[in-house]
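Hi,

Here is the structure I promised to pass on.

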Amino acid sequence: MTSVNPFNISDSEDEAERNPNDTDDTARSPSGDAPGPPTGNPFSPPADADAPTLLLTSNRTSPSGEGISVSAVVNSSMAGSAETKVSVDVIAAQLLRDQYILTALEFHTELLEAGRELPRLRDYFSNPGNFERQSGTPPAKDQALAPGGPLNRAGSISTLDSLDFARYSDDGNRESDERVAVLEFELRKAKETIQALRANLTQAAESEVPSQERKNFKSSPEIQEPIRPLEKRALNFLVNEYLLKNEYKLSSITFSDENDDQDFELWDDVGLNIPKPPDLLQLYRNCGTPVSSPRDTVDVSVEVDFGDFPGNCLAQDSQKKPDLSLQQQTEVVQELEYQIGLLNNDKQSLAQQIKKLQSEIQMLKRTISSPPPTTLDLGSQNISNPSSSSSTTTNTSSSDPLSVPPTDNGKYLDIQGASEPETDLDPPSTQNTSQTHPQPQPQSKLKSQPLVQFDKPNRKLSPAFLQALLSFCRMCSDSRLGAEVSRIAGSEESVMLMLGRCLPHIVPNVLLAKREELIPLILCTACLHPEPKERDQLLHILFNLIKRPDDEQRQMILTGCVAFARHVGPTRVEAELLPQCWEQINHKYPERRLLVAESCGALAPYLPKEIRSSLVLSMLQQMLAEDKADMVREAVVKSLGIIMGYIDDTDKYSQGFELMLLSLGDPSERVVSAVHQVFIPAFAAWTTELGTLHTALIPSLLARIEKLLMQGEHGLDEHKLHVFLSALQSLIPPLFAMVLQNAPFTSRVKLRGDTPAIEVTRFPRPASPLQDVSTIIGSREMLSALLLLYDNQLEHEGTTGWDSLLWVVNQFLPQLIEIVGRINVMSSTCVHEFSRFFWRFCRTFGKIFTSTKVKPQFQEILRLSEENVDDSEGNDILTKATVPIYATGVLTCYNQEEDRKLLVGFLEDVMTTLSLSHAPLDSLKASFVELGANPVYHELLLTVLWYGVVHTSALVRCTAARMFELLVKGVNETLVAQRVVPALITLSSDPEISVRISTIPAFGTIMETVTQKELLERVKMQLASFLEDPQYQDQHSLHMEIIRTFGRVGPNAEPRFRDEFVLPHLHKLAQANNCQAVEIKRIDIATQLFEAYSALSCCFISEEVMVNHFLPGLRCLRTDMEHLSPEHEVILSSMIKECEIKVENRGMADAQGSMSIASSLVGEDAKTKFLSKMGQLTTSGAMLANVFQRKK
């Protein structure tokens, strides 16, 4: 328990800092021996402290008011003897005599903490009998009795922190305060008892394992001694502490739950009365550090005969411990033999290093024997100046071996002898030793370098005086930096050695934004440094130079890595650069992983081919499968493409194909884009060389598409189809290049200056330069020459002997057309994908190829002729996706007049054939939707539809009317007004009622999309004629089509058209349906009305229209549904109820709106007053902002 000193004037540490003089005087022990104030009285306050301060301090210490009494004691003692020190024992006796028990206890605690225990107080408080007496008689003068009143022991132990001192006042019962003092004392004694018991338990636990069993563990190291309970609890505490410090909070909670018998908040709960050990991190860092012996050690040079070593040690051990048992001596022998083995191994490795260094020295001697004459060696000063030569030799011999590594090979010229001879204070024996064994390397260097002469002063100063005089030139060579500065490199290798030592210290002190400036220095040093470890360290610094390198910084590092690889060759790239990439493959920052991915691609040309196709490929494959960052996977795909450009191991084809499929299925668009731009072209180039592009790669993709179509009869996976088809589309340029390169005319290619340039629109725009056919071939000149021969061969000479082109015509195209016929024509996505594929395919292979090879195969399958109109089997192909893909993917490749006529004729034939054979129009609709997306074909499509408008067959005219509905949405309003509306009005007056009904959806679409009022009025009049003309009153199909159209276009139509035309006519139709006698017609109309009202209920409808038309129409419909469909009747009832509630709420809102006018006037008045008050404020903007801040 930390006690409070009642004589301490300072109230807190802050006050102690503010009043240092007061603290120094008052913080001392109140004993008579302690140094006190200058007055000699230990209780006299300082000069600047008054009496009330002392009284307040004492009063705060003892809540029961003893402080006043203490002040009285102090004042009385001060008054009695102003110059005499009062004995501590006298103060204690007086306190006990006057029954100031709590104050005496505090005084006792202060003395204990000061190390001056008072026997009187110790005996009093250690005697429980003083607190159990029932007598209240004051004690005698020479006795220390307990205070009066019963003081029984407490049933429970309360800590000092748990006591509520607010309950006690100065006027309260003193017995409760004395009871608190007793409880505190008992608590302290209980804690001492607990500590003693813990010590006994610790000793008992330590001795649980028998000594013989411990010997067995020591003699057999492979047998691990079982963990003791105390060890387990200590380790548990350290592990939990580690988890908390490193933010593994959930793991810590779980660990605590599994060890619920241990308190991890308190180290004493472990049960060991020993200091808390270091944390796990410190234990790990120090586990490999040998424990230093407490004995004094001296460095000496000796030779050891290892044969005598164990005996000597045993002899020494026997002298020190003559009572060692035989088993213990055996253990010592085994330990020493093990140490001998380790020392022998060290000896052998050091001997090998010595041999290696000696060979390097000899080689350097031969190199230095003929130095360039212009080299300046400052080391010759050692010969010219005798006084400095000795100091230089001494400094060299006595320097720290860490600062002068043996790899210098004597090539550094030490200038500190000339500049700082006075710093050598080594013993003479060291000097003699260094002079007796000179190094041959500097001597040869000195002989080969020209001597540098210095002017000697004509003075007779003693060397000691001169050395002392030069000592005032303050120089530092004993530090690492000082040692580097004091030496000048005498060769290129020495420069590299110096840079290798200095760069690791320079890099951390350079700003992150400027560290790329160090890249050339690091790379040059790493290239030329002779030590592998230093090179590895420098390359590690290079890859860790910047915490999160941006694009420009990564480019700099990659450029340096490539320059390094070009300089050192593939072996060192594999041994030194690749390990750095491997270390950071799982780095937490994506920028660092991105650097690794880019490095693998940049270094691919400079690696051994075995490593390129094994280790690097595996690294990239792992990153592609595991990395979560899109930009990293994108870089991995690009690097994989570069690897595919250099790989020559044919066994890796299957792995490359799997990597292509894996990367194509990546969820990131940027990764998939990189696959098409880099990986697939590179992989296709390799397969072209292998001859497997058209024999393995393309057939594999086609097989997967066919399998997907077979599995997707009930639901096609359009995403997978897109993946495979996009890959196939990216293979079109490599396929065409392969056809050109394997053509019969390749031997006749001659590059001439008059070769015509390739048209800009000859090929589709490539996704990347790697998909440009000219890049694949080699040059645009070569491609131009090949294209001339290619067109000539197709037009005049045929394809005989042209195996690659024959494969395309006879195998590839028929398989594709078969696949097209199996896809669902209703899937606009699939139709669009295959249309784009055929468009790119035909544009790449050329117009002649399309006209002579592609179109005939489609035409043969479609077989459009008048004879096949009634042939259902022949017309079945017209209902499939072959029609829209042929129309939009093949016939639109070229946009000349003849091509447009062919497209128009094909669409007219398809429309006629499907109409006359009563076949579904889905294929024709898909063609119109795909072509209508491009405004270029709007005029063409209107021409086709006008052909249907004027056709003699009513079936064809009906089809044309329905096709206008699809075309209106994409056509501009000018064409709608000039071409569409006149055609529809013509059809609306057709003699056939079915043709007139077919125009209703198109009129509805115009009402939905067009904004011109004239057009809308014309359409409105036409629809009104359909509804109000008596000849149409009994036309059930017309009413069905109108209701269906109103439900489709009503929510998106103009509100005025909806309120004034759609809803009133729906109301009339609902009323008329109540009187319908034919039940089938009645339920058909009711069902369509229900769908229409459900769609229109989501729109905003005015209150007038709601009351007059919408709600009455719903009630009429409910009347029909009560008899025809009860389940619909329930829904209609809820809709009617909701509409009625809306009407009521609007009425209430209007009533409240009139009331809100007056309230708004009041609100405006309050607003004006508030703003006027705010305008009167003269505070600054910052203070004004603080007015509205929330109080914390």
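Let me start with the surface: Leu461, Phe465, Leu466 and Leu469 make a nonpolar patch of about 340 Å². Patches here take residues with over 30% relative accessible area and no salt bridge, joining nonpolar side chains (Val, Leu, Ile, Met, Phe, Trp, Tyr) within 5 Å and like charges within 9 Å. A salt bridge would be a side-chain nitrogen of Lys or Arg within 4 Å of a carboxyl oxygen of Asp or Glu. The areas are Shrake-Rupley values with a 1.4 Å probe, and for residues only the protein chains shown count as cover.

Before going on, the ground rules: this is a predicted model, so local features need pLDDT of at least 70 and side-chain atom pairs pLDDT 80 or more, while totals for chains, interfaces and linings use all residues. Residues are numbered from 1 along each chain as its sequence is written, and side-chain values use heavy atoms, with hydrogens and water left out.

Leu461 sits in the loop between helix H19 (440-448) and helix H20 (463-470); helices are DSSP runs (H or I, at least four residues) numbered from the N terminus. With a relative accessible area of 35%, Leu461 is partly exposed, on a scale where buried is under 20%, exposed is over 50% and partly exposed is in between.

There is a charged patch too: Asp257, Glu258, Asp260 and Asp261 gather as negative charge on the surface. Asp and Glu count as negative, Lys and Arg as positive, and His and the chain ends are not counted; each charge is placed at CG of Asp, CD of Glu, NZ of Lys or CZ of Arg. Glu258 belongs to helix H11 (residues 249-258) and is exposed, at 60% relative accessible area.

Now the aromatics. Rings of Phe, Tyr and Trp (its six-membered ring) pair if their centres lie within 6.5 Å, with planes under 30 degrees apart called stacked, over 60 edge-to-face and the rest tilted. That rule gives 27 aromatic pairs. One of them is Phe745 with Trp802, edge-to-face at 5.4 Å centre to centre and 85° between the planes. The two are 57 residues apart, with Phe745 in the loop between helix H35 (732-741) and helix H36 (773-777) and Trp802 in the loop between helix H37 (780-797) and helix H38 (803-820). Both Phe745 and Trp802 are buried.

Tyr1093 and Phe1110 also pair edge-to-face, at 5.3 Å and 70°. This pair links helix H53 (residues 1079-1096) with helix H54 (residues 1103-1124), and Tyr1093 and Phe1110 are both buried.

Cheers

Definitions and conventions: Buried means under 20% relative accessible area, exposed over 50%, partly exposed in between (1.4 Å probe, protein chains only).
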